[in-house]
Amino acid sequence: MTDTAPLIDPFARAITYLRVSVTDRCDFRCVYCMSENMNFLPKAELLSLEELDRLSSRFIAMGVKKLRITGGEPLVRKGIMTYFEAMGRHLASGALSELTLTTNGSQLRRFAKPLADCGVKRVNVSLDTLNEQKFKDITRWGRFAQVMDGIDAAQEAGLKIKINAVALKGTNDDEALSMIDWCHARGFDITFIEVMPMGEDMGEGLRLDQFWSLKDVQSHIASKYTLIDLPDNTGGPARYVRAEETGGRIGFITPLSHNFCESCNRVRVTCTGQLFMCLGQEDEADLRSVLRRAEDNTALDAAIRKAIERKPKGHDFDYSRQRVAGEMTRHMSHTGG
Ligand code: SAM
Ligand code: SF4
């Protein structure tokens, strides 16, 4: 027997948004995300494509409407289109309303069209700079021209594009305005993300003085544009404004801010099948072992429900960066941004 009642947490929040990390690997080594020499997980630790399908499908059966695929770099996972095709069938049936992904853009030339064919309508492309040398400095291994070409391919395939830029003082602060111009001229939304200290080895590529508060980013942007607040209905940590002069949208994501917790509708699954109920807390549920123990979904459904019953009201650490740095020892590439 399978269970299809909606997932409601103890604070009456319906869980309708799932983020799934499909790999911990990446073809880039962004300084705020990975160290240069990463030890990636052995294949057996990762959920197989079939397991990803099975797990995601259970969440969809229990009311998840929006699915975001992330990583690592989701498009470097071998055979990933099989999984997108499988999720496309939930779009076709109407069970899922949106299938989307966050990508560094490097593989979009190859995958944009197949993604669109699966029903993907929008992609988030992470791009922190339009300067080729800075791009190299930030991503270490990334090739700027390849990403630009990937973005072109996504546009040609009819995908709507949102650019995500991590705000880094002393690195891309001089580009905030020109990036908005570039995005809005091409019809893209742009969202700035406050950098989070994550991983044990953040000292290597990212300095604490690179932290650029989004409050300051917004004031800087307001020196050029008239910003009109837009109603927040994402249930997530993003706030949006419209620049009156361009008509385009600008978002601000403060990943660890508290103000959205009461409307939080999301949970995350890592590439190893660990379910995180809150990005800001360490509590997790091991769904992989449950899933591998039986082919039948009864135990899996029960484990998902039991985990959702533990979804916390919000993050409970006080918002001091040093303390966050001490507590958030897992990498974004593992939990999937
Ligand atoms: N590889 C894909 C990409 O870069 O879009 C998807 C995974 S990546 C971990 C998801 C998002 O997390 C990216 O937009 C990236 O810029 C962001 N990110 C990674 N590390 C971060 C950090 N320490 N602070 C804030 N954002 C971070
Ligand atoms: Fe790779 Fe994305 Fe992390 Fe950059 S942010 S290293 S592209 S996973």
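Reader: What makes the pair formed by Glu73 and ligand 1 a polar contact?

Author: In this predicted model, a polar side-chain atom of Glu73 lies 3.2 Å from a nitrogen atom of ligand 1. The cut-off for a pair of N or O atoms is 3.5 Å, so the pair qualifies as a polar contact.

Reader: Which atoms of Thr103 and Ser126 lie at polar-contact distance from an oxygen atom of ligand 1?

Author: For Thr103 it is a backbone N or O atom, 3.2 Å from an oxygen atom of the ligand. For Ser126 it is a polar side-chain atom, at 2.5 Å from an oxygen atom of ligand 1.

Reader: How much of the area that ligand 1 exposes when taken alone does the protein bury?

Author: The protein buries 95% of the 550 Å² that ligand 1 exposes when taken alone.

Reader: Which elements give two or more residues to the shell around ligand 1?

Author: They are strand S3 (98-103) and strand S6 (189-194). The shell has 17 residues, of which Tyr32, Gly72, Thr102, Ser126 and Met196 come nearest. By class, seven residues of the shell are nonpolar, eight polar and two charged.

Reader: Why does Lys134 count as buried?

Author: The relative accessibility of Lys134 is 16%. Buried means under 20%, and therefore Lys134 counts as buried. Lys134 has its place in helix H4 (residues 132-139).

Reader: Which residues does Lys134 touch, not counting those up to four places away in sequence?

Author: Lys134 touches Thr129, Thr171, Asn172, Asp174 and Glu175.

Methods
Residues numbered from 1 in each chain as written. Chains lettered and ligands numbered in written order. Predicted model: local features only at pLDDT ≥ 70, side-chain atom pairs only at ≥ 80, totals over all residues. Heavy atoms only, no water. Near = heavy atom within 4 Å. Polar contact = N/O pair within 3.5 Å; in protein donor to acceptor, adjacent residues only side chain to side chain. Areas by Shrake-Rupley, 256 points an atom, 1.4 Å probe, with all protein chains shown as cover. Helix = DSSP H or I, 4+ residues; strand = E, 2+ residues; numbered from the N terminus. Nonpolar A, V, L, I, M, F, W, Y, C, P; charged D, E, K, R; others polar. Buried < 20%, exposed > 50% of the residue type's maximum accessible area, 1.4 Å probe, protein only. Contact = heavy atoms within 4.5 Å.
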